[in-house]
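Here are some notes to read alongside the model, written for someone opening it for the first time. Keep the viewer open and click along.

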Amino acid sequence: MASIPPAPAEAAGTCRLVEPSERFRDSFLEGAAEFAGEGRLDSTYAAGLGYDLGRLDRDLPSFLRDLRRLGEPPRLYGGRYQDRVYWLVDRGLYLGQTSIRPDLKTPYLMTYGGHVGYSIRPRRRRRGYGRRILGLALERCRELGLERVLVTCDEDNVASRRIIEANGGLFESEMAMDARTVRAEGRGGEIRKLRYWIDLSETSA
């Protein structure tokens, strides 16, 4: 496994989004273990695709192939919607991932999921990477022709709220998650989703 050198204060400005690749194998597996340690392995999409840490280690190429399939038009693989996954990397190290859903084709996406999801591996949080990954994801959304993007977060996730607002998010409403969604997201109790819209025409450079 690759060790993680200390990140300079300006590191968030040098990272980039890339297609998931075996080039980042060691740091990705480290990051996946960190997510698993807090019960959130599916932040990497692994659990939902049928992978645990052992299988990721044994068969990472299959996992990468399955990730790429999520980004294909649904008619090609029988999925419900298109979900494009990118990894955030800096100096050859995996830091987290973002997913972009160009079309809100399901009630879940329109209500709770939104166009963009993102997560930073636990050991790399509070260093500006969250704000940076959402900014880079919005650039990809603009390239896809999206003019207005829905981004959501849990009501108790103060850091995510600040990240969304720093990227131009305007609060629209909050909605209680149904029991099925709470279970699917690994939460307990009554949690509400906060919904923000980002106008890409206003946030463009």
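1. A word on element names before anything else: helices (H or I, at least four residues) and strands (E, at least two) are DSSP runs, numbered from the N terminus.

2. Some ground rules. This is a predicted model, so local features need pLDDT of at least 70 and side-chain atom pairs count only at pLDDT 80 or more, while totals for chains, interfaces and linings use all residues. Residues are numbered from 1 along each chain as its sequence is written, and side-chain values use heavy atoms, with hydrogens and water left out.

3. Staying with α6: this helix has 15 residues and reaches 21 Å from its first C-alpha to its last. That is close to the 21 Å expected at 1.5 Å a residue (the expected span is 1.5 Å times one less than the number of residues). Quite a few of its residues are buried, among them Tyr 129, Ile 133, Leu 134, Leu 138 and Cys 141. Here buried means under 20% relative accessible area, exposed means over 50%, and partly exposed is in between (1.4 Å probe, protein chains only).

4. Now the charges. Side chains of opposite charge can pair when their charged atoms come close. How many salt bridges does a search of the whole structure find? It finds nine, a salt bridge being a side-chain nitrogen of Lys or Arg within 4 Å of a carboxyl oxygen of Asp or Glu.

5. One of them joins the side chains of Asp 57 and Arg 25, at 2.6 Å from N to O. The pair links distant parts of the chain, with Asp 57 in helix α2 (residues 53-58) and Arg 25 in helix α1 (residues 25-37), 32 residues apart. Asp 57 counts as partly exposed because its relative accessibility is 41%. Arg 25, at 24%, is also partly exposed.

6. Another salt bridge brings together Arg 123 and Glu 34, at 3.9 Å from N to O. Arg 123 sits in the loop between β4 (116-120) and α6 (129-143), and Glu 34 is in helix α1, so this contact ties together parts that are 89 residues apart in sequence. Arg 123 is partly exposed at 48% relative accessible area, whereas Glu 34 is buried at 13%. Both belong to a network of salt bridges that links Glu 30, Glu 34, Arg 121 and Arg 123.

7. Glu 172 is in strand β6 (residues 170-176) and Arg 195 in strand β7 (residues 192-199), so the pair ties together parts that are 23 residues apart in sequence.

8. Tyr 45 has a phi near 80°, a positive value in a residue other than glycine. Tyr 45 is in the loop between α1 and α2, and counts as buried because its relative accessibility is 18%. Arg 126 also has a positive phi, near 65°, and is not a glycine either. Arg 126 lies in the loop between β4 and α6, and with a relative accessible area of 85% it is exposed.

9. Finally, a couple of spots where the chain comes back on itself in the numbering. Arg 23 lies in the loop between β1 (16-18) and α1 and is exposed, with a relative accessible area of 60%. The C-alpha atoms of Arg 23 and Tyr 94 are separated by 9.6 Å, although the two are 71 residues apart along the chain. Cys 153, in strand β5 (residues 148-154), is buried at 3% relative accessibility. Cys 153 and Gly 117 are 36 residues apart in sequence and 8.9 Å apart in space, C-alpha to C-alpha.
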